[in-house]
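Here is a friendly tour of a protein model for someone new to reading structures. Please look at the sequence and the 3D view first, and then follow the notes below.

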Amino acid sequence: MDIAQVRIKELRIDNDLKQQEVAENCNITQRKVSFIENGVTEPNLEDLRNICKFYNVSADYILGLPDDLEYPKR
């Protein structure tokens with residue numbers, strides 16, 4: 001099971017939400033939420049961005065990336 005699908009599902013369950021509620025707030029279908037949570041498909045970048053904004057978490061968290069990654073300076 002992919003870490004992203006696990007975390008997306010855990011976020012929904014921890015917030016006592018139904019897939020339909022997530023779908024409406026993330027501008028995707030309930031079916032797509034189900035497919036993402038069950039590993040049938042992966043979220044595209046727009047979906048991932050919307051999911052992150054909805055739950056107020058980073059994409060790094062959802063993707064299971066380590067906290068100590070260095071990012072390029074701008």
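Cys-26 counts as buried because its relative accessibility is 1%, where buried means under 20% relative accessible area, exposed over 50%, and partly exposed in between (1.4 Å probe, protein chains only). Keep in mind that this is a predicted model, in which local features need pLDDT of at least 70 and side-chain atom pairs count only at pLDDT 80 or more, while totals for chains, interfaces and linings use all residues. Residues are numbered from 1 along each chain as its sequence is written, and side-chain values use heavy atoms, with hydrogens and water left out.

**Cysteines**

- A disulfide is a pair of cysteine sulfur atoms within 2.5 Å, and the count by this rule is zero.
- Cys-26 is in no disulfide, and the nearest cysteine sulfur, that of Cys-52, is 9.2 Å away.
- Cys-52 is likewise in no disulfide, with the sulfur of Cys-26 as its nearest cysteine sulfur.
- With a relative accessible area of 10%, Cys-52 is buried.

**Helix H4**

- Helices (H or I, at least four residues) and strands (E, at least two) are DSSP runs, numbered from the N terminus.
- Helix H4 covers residues 45-55, and its buried residues are Asp-47, Leu-48, Asn-50, Ile-51, Cys-52 and Tyr-55.
- An α-helix has 3.6 residues a turn, so residues three or four places apart point the same way.
- What do the buried residues of H4 pack against? Their partners are helix H1 (3-14), helix H2 (19-26), helix H3 (30-37) and helix H5 (59-63).
- At the start of H4, a side-chain oxygen of Asn-44 comes to within 3.1 Å of the backbone nitrogen of Glu-46.

**Salt bridges**

- Side chains of opposite charge can pair when their charged atoms come close.
- A salt bridge is a side-chain nitrogen of Lys or Arg within 4 Å of a carboxyl oxygen of Asp or Glu.
- How many salt bridges does a search of the whole structure find? The search finds two.
- One of them joins the side chains of Glu-37 and Arg-12, at 2.6 Å from N to O.
- This pair links distant parts of the chain, with Glu-37 in helix H3 and Arg-12 in helix H1, 25 residues apart.
- Glu-37 counts as buried at 2% relative accessibility, and Arg-12 is buried with a relative accessible area of 11%.
- Asp-47 forms a salt bridge with Lys-32, and the closest N and O atoms are 2.4 Å apart.
- This pair, too, links distant parts of the chain: Asp-47 belongs to helix H4 and Lys-32 to helix H3, 15 residues apart.
- Asp-47 is buried, with a relative accessible area of 5%, whereas Lys-32 is partly exposed at 23%.

**More about Asp-47**

- Leaving aside neighbours within four places in sequence, Asp-47 is in contact with Ile-28 and Lys-32, where contact means heavy atoms within 4.5 Å.
- Asp-47 and Val-33 are 14 residues apart in sequence, and their C-alpha atoms are 9.7 Å apart in space.

**Aromatic rings**

- Rings of Phe, Tyr and Trp (its six-membered ring) pair if their centres lie within 6.5 Å; planes under 30 degrees apart count as stacked, over 60 as edge-to-face and the rest as tilted.
- The count by this rule is one aromatic pair.
- Why is the pair of Phe-54 and Tyr-55 edge-to-face? The ring planes are at 65 degrees, with the centres 4.9 Å apart, so the pair is given that name.
- Phe-54 is partly exposed, with a relative accessible area of 28%, while Tyr-55 is buried at 11%.
- Arg-7 lies over the face of Tyr-61, at 4.4 Å from the ring centre; a charge sits over a ring if NZ of Lys or CZ of Arg is within 6 Å of the ring centre and within 35 degrees of the ring normal.

**Positive phi angles**

- Asp-16 has a positive phi near 55 degrees and is a residue other than glycine.
- Asp-16 is placed in the loop between H1 and H2, and at 67% relative accessibility Asp-16 counts as exposed.
- Asn-56 is not a glycine either, yet its phi is positive, about 60 degrees.
- The loop between H4 and H5 holds Asn-56, which is exposed with a relative accessible area of 70%.

Note on methods:
A polar contact is a pair of N or O atoms within 3.5 Å; within protein, one must be able to donate a hydrogen and the other to accept it, and residues adjacent in sequence count only if both atoms are side-chain atoms.
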